[in-house]
Amino acid sequence: MNVRTALPLSRREFLKASGALIVSCAGPSLIGNALAQMPGGSARPALLPTELDSWVAITREGSAVAFFGKMDMGQGVDVAIAQIVADELDLTFERVEVIMGDTGLTCNQGGASGSTGIFEGAKPLRKAAAEARRLLVEQASQTLGVPSAGLRVDDGVVSAISDPTKKTTYAQLIGGRHFHHRVEWNKKIGNAMDIEVQAKPKPPAEYRVVGKSFPRRDVEGKVFRTAKYVTDVSIPGMLHARVIQPPRAACTVAAVDEGSIKAVGGARVVRERDFVAVVAGREWDAVRAARMLKIDWNVEKKDPFPPMAELHDHIRRAPVRKRDEPVKKGDVEAAFKTAARVVEAEYEWPFQSHASMGPACAVADVREDGVVLWTGSQKPHYGQLGVARLLGVPPEKVRAIWIPGPGSYGRNDAGDASLFAAKLSKLTGRPVRVQGMRHDGTAWDPKGPACVHRARAVIDGAGRVVAYEFISKGFSRVNIQTNESDPHQSLVGMATGLPPKHTDGFNVPAESYAFDNKRMGWETIAPLLEACSPLRTSHLRDPVGPEIQFGSEQFIDELAFATNEDAVAFRLKYVTKPRDAAVIRAAAAKAGWQTRPSGRGARSGDVLSGRGIAYAQRGGTIVAAVAEVEVERKTGRIWARRVTVAHDCGLIINPEGLRRTIEGNVVHGLSRTLFEEVRFDRNSVTSVDWMSYPILDIGDAPESIEVTLINHPEIAPTGAGEPTMRVIPAAVANAFFDATGVRLRTVPLNPERVKAALARA
């Protein structure tokens, strides 16, 4: 994949190639004077979200191009966006192209973030498309001499309702001109960016494209390997680099023996303070040099990590750095003082890695007239800002181009790769391609935080839960922030002397249980190391959602058991929101749930079977899952044979795409529940490959995943990329209890823990 790097960036050439008018932009970027004039002398509108021309382009053929400041990380979001735009413009789905995540072409809508691709990201595009249609119909009214109310649009053809021979087309109407039409911007950057327009988007009853299933557009290219990934980017004169991470945490560079790689022709060392890399004209030479390079390291702190077996005790003992109690109702303390019966439990979650399919890769070309970054990060607009801050250049001098990478779901190693590449290109004066090795991707990516959850409840003499408390304590989910916009929170920034910036955050269970007295809160503790830590924590898919709900939804099951009630009936007894109750009922019905208390069945034979349920909310979406598991006594293996999911995310855009997204959540959730745990010793992370960090493989996937979709056309669509993830761990753990009568309160529920728990029982 050869890439042009001529600057200033030629958005004009992109739009010429597509036959489009230049009617879309990304806010201030490196487009500049080269695009200040349209063909024929028409002045180009300002590159701001306040311009309608910032969102939609109409090609010479009358098709549409939508410019989307997020990107698709495997959920088919671009397909749904195309459906939404097609409906508002009265085009067929096939005639809408979606351009994603290029800071030279798209607004900063926050990147892939928080399951907001449709929930937030589609809003301005829906409105922009509706407004574009309104303007085109008004122009057609003038052209045809027919009132706007007397016109209809079919696949970009505007015709008179009374006389279909009176017609024109979008291609004829736009005629090489910009819209030159301002819209109202809410002045927000990122996920919340939105606009207001005069046009009213269509009501759901008029949708012809939304609500239907269209296939993803990227599958063929991935299957036949014709799609291009960030690893395929190649630039003339490009150097290949490998960044040398310390052999252990808490150490700095004492000396580098550059002569130790002299046997590798063309390879050389690049160093700034504790940041060390090797570069070479051929990738294999960079790999060889990285393996051969001798470095003397200073140990700054002995045994910076606790023994792995004592991790959760460390969390329990550690001073609280920040505490919040966002849910407080009634007088919890008074209720516990007069309690007839108290039920208590604790739950533990480990550090987890993103463990993306491959280690991250990025390419940067730093020149005097500007910087181009090719990145697989899910937040390229923030990568643009991070590179600008790292290099000390204006953000408008940096263009970040998103190209699919090996994976993401939160802040994985892609952000660090981007800043590594930019730093090395600056230091070498050449384009640089950085790619990690497998051990870099697993050992040094930001981790999902380890945590402990304390739950207790009061049951009165009538068997009612009258007080409930759930407190999470752990490492911050934003020890480093969710994106790479601040070099202080990057490995290269910390290695070159930038002081780290830490923030604190966690969360509480998302549900609608009504107890007379209720308190839910969280506490965070200090990171194990202040800087350059392989155990620094940040966002991992559904940040702290699976961790929290693993505890809270198991505890709800424990309360049902304590009151001798069926797990579904118990939840329905206390949930207060009708949509939540409907989702729980739908999951139970689809799974064929039989009403009975859990964990009280007969247990014989080598394979035990059980069922469990869990439910949660996330960002307006409600989901419940029933897991049916088999537990092998001898091997300790848990197999989730069947998983049933009920899902309510409001209006459904693409039913088949939604089902596939939910299935991906289930598989990923099972992997994190049954297998995934970052292993470490006193000095370093020892999970460095698929053997030391196992994930679910095809032999452990469910036999069936069944999905019930609850469609609410009257409710705006919410997210689906993460909500199902958070209910899988508790559903499996509850099913394990039903099968065995034994509680597993520590993830992963791996064979060693299963056999030990059964032996103790």
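Axes are lines fitted to C-alpha atoms, for helices over the stretch in contact, and angles run from 0 to 180 degrees between N-to-C directions. The model shown in these views is predicted.

**View 1. Crossing of helices H16 and H17.** Helix H16 spans residues 655-674 and helix H17 residues 728-740; their axes come within 8 Å and cross at roughly 60 degrees. H16 is therefore oblique to H17. The crossing of the two helices is right-handed.

**View 2. Residues in the contact of H16 with H17.** H16 contributes Asn665, Val666, Gly669, Leu670, Thr673 and Leu674, and H17 contributes Ile728, Pro729 and Val732. Sorted by class, the contact holds 6 nonpolar and 3 polar residues, with no charged residues.

**View 3. Hairpin of strands S1 and S2.** Strand S1 (residues 56-58) pairs with S2 in the antiparallel sense, over 3 bridges. Within this pair, Ile58 stands opposite Ala64 in S2. The hairpin has 5 residues between its strands, and Gly62 in the turn has a positive phi of about 90 degrees.

**View 4. Pairing of strands S2 and S3.** On S3 (residues 96-100), 5 bridges make the join to S2, and the two strands run parallel.

**View 5. Burial of strand S2.** Strand S2 covers residues 64-68; 5 of the 5 residues are buried, so the strand is largely enclosed by the rest of the structure. Ala64, Ala66 and Phe68 point one way from S2, while Val65 and Phe67 point the other way, and all are buried.

Technical notes:
Residues are numbered from 1 along each chain as its sequence is written. This is a predicted model: local features need pLDDT of at least 70, side-chain atom pairs count only at pLDDT 80 or more; totals for chains, interfaces and linings use all residues. Side-chain values use heavy atoms; hydrogens and water are left out. Helices (H or I, at least four residues) and strands (E, at least two) are DSSP runs, numbered from the N terminus. Angles under 35 degrees count as roughly parallel, over 145 as roughly antiparallel, 65 to 115 as roughly perpendicular and the rest as oblique. A crossing is left-handed if the near helix is turned anticlockwise from the far one by less than a right angle, and right-handed if clockwise. Contact means heavy atoms within 4.5 Å. Ala, Val, Leu, Ile, Met, Phe, Trp, Tyr, Cys and Pro count as nonpolar, Asp, Glu, Lys and Arg as charged, and the others, Gly among them, as polar. Buried means under 20% relative accessible area, exposed over 50%, partly exposed in between (1.4 Å probe, protein chains only). Two strands pair if DSSP finds at least two bridges between them.
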